[in-house]
Amino acid sequence: MRIAFTLAALLLAGCAQNAAYQAQRDAEGRKELASTLGDRVPGKPQDCINPGMTDGPQIIDSRTLIYRQGSRLYRNDLVSECPSLAPLTTVIVEMRGSQLCRNDQFRVLTPGTSIPSGYCRLGQFTPYTRPKG
């Protein structure tokens with residue numbers, strides 16, 4: 001009985017620590033996103049962008065990528081969370097045509113590993129530009 005109680009306590013402590021880590025990571029992601037977007041304003045979301053004209057992706061958090069095209073940024077909010085997506089990981093996109101589009105699938109490769117993650121999907125691309133004036 002004592003062992004079961006100890007195991008349950010360890011599991012709860014692990015869950016609490018994981019939740020605290022995730023909350024910290026989310027807060028850092030929001031801060032980085034605000035810093036990256038700066039004073040830019042969002043435009044109408046679009047389904048595809050030209051990958052040959054962009055730099056990126058910049059990984060913000062497990063749900064958000066940024067692609068740069070000159071002074072314009074494209075924010076991509078993924079269809080759902082991609083748990084393997086983190087700074088310093090490599091994004092491997094499987095494009096179905098000549099453009100990078102909503103619902104294109106990608107996998108993540110973590111440094112030091114040779115097996116990519118499961119599939120994740122891109123969402124719509126929202127352009128952000130600096131206000132005129």
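Modeller: A word on terms to begin with: two strands pair if DSSP finds at least two bridges between them. This is a predicted model, and in it β4 and strand β5 (residues 72–77) pair in the antiparallel sense over 6 bridges.

Colleague: Which residue is the bridge partner of Tyr67 in β5?

Modeller: That is Tyr74, which is the bridge partner of Tyr67.

Colleague: And what is in the turn of the hairpin that β4 and β5 form?

Modeller: There are 2 residues between the two strands of that hairpin, and Gly70 in the turn has a positive phi of about 65 degrees.

Colleague: How many bridges join β3 to β4?

Modeller: Strand β3 (residues 55–61) is joined to strand β4 (residues 64–69) by 4 bridges, and the two run antiparallel. β3 and β4 also form a hairpin, with 2 residues between them, and Ile59 stands opposite Leu65 in β4.

Colleague: Changing topic, in what order do β6, β8 and β9 come in their sheet?

Modeller: The order is β6-β8-β9, in an open sheet of 3 strands with antiparallel pairing. β6 (90–94) and β9 (120–121) stand at the edges, and each has a single partner strand, so one side of each is left without a neighbour in the sheet.

Colleague: How many bridges are there between β8 and β9?

Modeller: Strand β8 (residues 105–109) pairs with β9 over 2 bridges, in the antiparallel sense, and Gln105 stands opposite Arg121 in β9.

Definitions and conventions:
Residues numbered from 1 in each chain as written. Predicted model: local features only at pLDDT ≥ 70, side-chain atom pairs only at ≥ 80, totals over all residues. Heavy atoms only, no water.
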